[in-house]
Amino acid sequence: MSAAGGGARPPSGNRRSRRRARRGRALLFLCAAAVLVAAILIPLLANRHGGAPVDRPADATPEAAATEGYASVFDELAALIAPQTEPLAPTGPPLALSLSTAWTSDNEIAITVDDCFKTGNVRRIMDLCDGLGVKVTFFPVAQAVKNDPSAWREAHERGFLIGNHTYSHNMKLKELPDEEIAREIQGLNWLVNQALGIEYPMRYLRTPGGNADSDPKVREIMTGLGYEYIAHWALSSTGTKAEDLPDRIRPGQVILFHATDADVEKLETVLPRLVELGFRPVTLDQLMGLEPKAAAG
Ligand SMILES: [Zn+2]
């Protein structure tokens with residue numbers, strides 16, 4: 001009984017010696033750790049500050065090294081460019097550009113009128129324009145020219161510009177074989193030539209629905225046929241009320257209308273207002289500062 005009671009507590013002298021032993025072990029461990037850290041760090045620091053650099057002269061500063069690097073890039077460029085003495089030869093005609101807004105210092109805008117099945121509306125638009133001293137560009141399809149060839153002769157004689165909206169208005173123009181795309185463009189131009197009684201070279205193509213406007217194949221074919229611009233648009237009258245249009249129009253814009261009854265009524269409201277506001281509605285050629293493409297009689 002007595003061994004399990006008061007005899008279990010060790011004498012105080014033993015406790016002190018064990019504490020000393022523990023402190024000794026801790027000190028030994030710290031020393032060992034310090035030696036280990038020193039063994040790792042000293043060679044590293046020595047290499048960083050005092051060790052011999054491998055790929056850079058001992059006296060080179062980082063700035064000098066950077067300048068040296070740039071200089072060698074310039075030398076390389078000079079070596080590449082210097083032998084080029086001839087101008088770069090063009091590989092072919094540049095592809096037709098897509099036009100939706102042109103630079104203008106004179107508040108010019110280009111109103112374009114598409115499809116044009118109702119040539120009575122085409123004549124109404126021409127009368128409206130003549131009354132205001134302005135011009136627009138028409139983009140008829142074949143049926144519109146066949147319906148009433150004299151309307152197109154009249155449009156040309158009255159100073160309006162005619163562009164190409166293709167023969168049949170196929171919304172999948174870009175999916176057609178190359179020769180059919182060419183025929184769609186040439187066919188409409190041929191019909192206009194017949195109506196006008198002259199060769200009427202065109203430079204603007206408006207693709208049906210604008211669907212093929214960024215198609216490289218269509219652009220390559222039209223370029224080969226002498227067309228210079230995809231006539232895209234910056235603003236469409238579709239879905240915009242007549243009274244809201246003037247606020248949305250900016251100088252240089254190509255604006256899309258159709259020769260429908262609704263759009264003619266819109267034009268009868270909008271055109272006089274635009275003129276009042278100082279806008280100058282002109283043909284695409286005038287907007288681009290181009291002479292009409294030479295027509296042969
Ligand atoms: Zn159309």
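Modeller: In this predicted model, strand β5 and strand β6 (residues 229-231) run parallel and are joined by 2 bridges. Within this pairing, leucine 205 has isoleucine 230 of β6 as its bridge partner. The two strands belong to an open sheet of 3 strands, arranged in the order β1-β6-β5 with parallel pairing. β1 (97-99) and β5 (204-205) stand at the edges; each has a single partner strand, so one side of each is left without a neighbour in the sheet.

We may now turn to the helices. Helix α6 (residues 178-196) packs with helix α7 (residues 216-224) at an angle of about 55 degrees, and their axes are 10 Å apart. This angle makes α6 oblique to α7. The crossing in which α6 passes α7 is right-handed. On the α6 side, the contact is made by Asp178, Ile181, Ala182 and Ile185, while α7 contributes Lys217, Val218, Ile221 and Met222. Of the residues in this contact of α6 with α7, 6 are nonpolar, 2 are charged and none is polar.

Finally, there is the matter of confidence. The chain has a mean pLDDT of 83, and 69% of its residues reach 70 or more. Over residues 1-11, however, the pLDDT is below 50, and this stretch has 2 contacts in the model beyond near neighbours in sequence. Residues 43-58 likewise stay under 50 in pLDDT, and the model has 3 contacts for them beyond four places in sequence. Where pLDDT is low, predicted coordinates should not be read in detail.

Note on methods
Residues numbered from 1 in each chain as written. Predicted model: local features only at pLDDT ≥ 70, side-chain atom pairs only at ≥ 80, totals over all residues. Axes fitted to C-alpha atoms, helices over the stretch in contact; angles between N-to-C directions. Helix = DSSP H or I, 4+ residues; strand = E, 2+ residues; numbered from the N terminus. Parallel < 35°, antiparallel > 145°, perpendicular 65-115°, else oblique. Left-handed = near helix turned anticlockwise from the far one by under 90°. Contact = placed C-beta atoms within 7 Å. Nonpolar A, V, L, I, M, F, W, Y, C, P; charged D, E, K, R; others polar. Pairing = 2+ DSSP bridges. pLDDT = per-residue confidence, 0-100.
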